[in-house]
Amino acid sequence: LRQDELHAVFVCVGGGGLLAGICAYIKRVRPDVKVIGVNYDDSDAMTRAIMNQDNRMLPRVGSFADGAAVRHVGNETYRLCNALVDDMVLVSTDEVCAAIKDIFDETRSILEPAGALAVAGCKKFLAANDGIRDGVFVTVLSGANMTFDRLGFVAQ
């Protein structure tokens with residue numbers, strides 16, 4: 001965060017603990033930096049809670065990004081994220097698979113779907129906001145719990 005130029009940090013979201021902690025720190029030391037949470041589109045408890053200003057339990061969640069598949073976010077993480085997060089992005093299975101492939105091509109590392117949410121969200125956000133492509137962006141990558149079955153699905 002000592003870098004002079006930093007526009008936004010993208011963080012994957014399940015229950016919101018990672019997002020809340022990162023957001024609280026960044027907003028304390030660099031309030032000008034945007035913090036953007038990324039939810040998988042069928043496990044979007046935090047996005048719904050923030051949009052609706054109501055933290056309700058989802059009836060079900062998908063299992064593809066199981067590391068971020070949370071039906072109900074915690075009350076404290078919801079409170080912090082609702083107060084501090086600048087934006088939320090929802091990503092699809094195809095967008096997550098493309099992000100996993102991009103990460104592998106660039107780093108030769110294989111992330112699990114939940115771990116690649118931030119890259120998928122960053123790509124989607126930048127595609128929708130052409131005017132900020134020259135900015136400096138950080139994606140928080142987490143999780144390498146990938147099975148060969150799931151990897152086969154991603155490769156297809």
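The largest nonpolar core of this predicted model has 26 residues, and Phe 10, Val 91, Val 96 and Leu 117 have the most contacts inside it. A nonpolar core here is a set of buried Ala, Val, Leu, Ile, Met, Phe, Trp, Tyr and Cys residues joined through side-chain atoms within 4.5 Å, where buried means under 20% relative accessible area with a 1.4 Å probe, protein chains only. S1, S2, S3, helix H4 (93-107) and H5 each supply at least two of its residues, and H5 gives the most, seven. Another core of 22 residues lies apart from this one and includes Leu 6, Cys 23, Met 46 and Val 140.

Tyr 40 stands opposite Val 91 in S3.

Now to the sheet itself: four strands form an open sheet in the order S3-S2-S1-S4, with parallel pairing. Strands pair if DSSP finds at least two bridges between them; strands (E, at least two residues) and helices (H or I, at least four) are DSSP runs numbered from the N terminus.

| Edge strand | Residues |
|---|---|
| S3 | 87-91 |
| S4 | 137-140 |

Five bridges join S2 (residues 34-40) to S3. From one strand to the next, the twist averages 25°. Helix H5 (residues 117-128) packs on the sheet, touching S1 (8-12), S2, S3 and S4, and its direction makes about 105° with that of S3. Axes are lines fitted to C-alpha atoms, for helices over the stretch in contact, with angles from 0 to 180 degrees between N-to-C directions.

Residues are numbered from 1 along each chain as its sequence is written, and side-chain values use heavy atoms, leaving out hydrogens and water. Since the model is predicted, local features need pLDDT of at least 70 and side-chain atom pairs count only at pLDDT 80 or more, while totals for chains, interfaces and linings use all residues.

How values were computed
Contact means heavy atoms within 4.5 Å. Buried means under 20% relative accessible area, exposed over 50%, partly exposed in between (1.4 Å probe, protein chains only).
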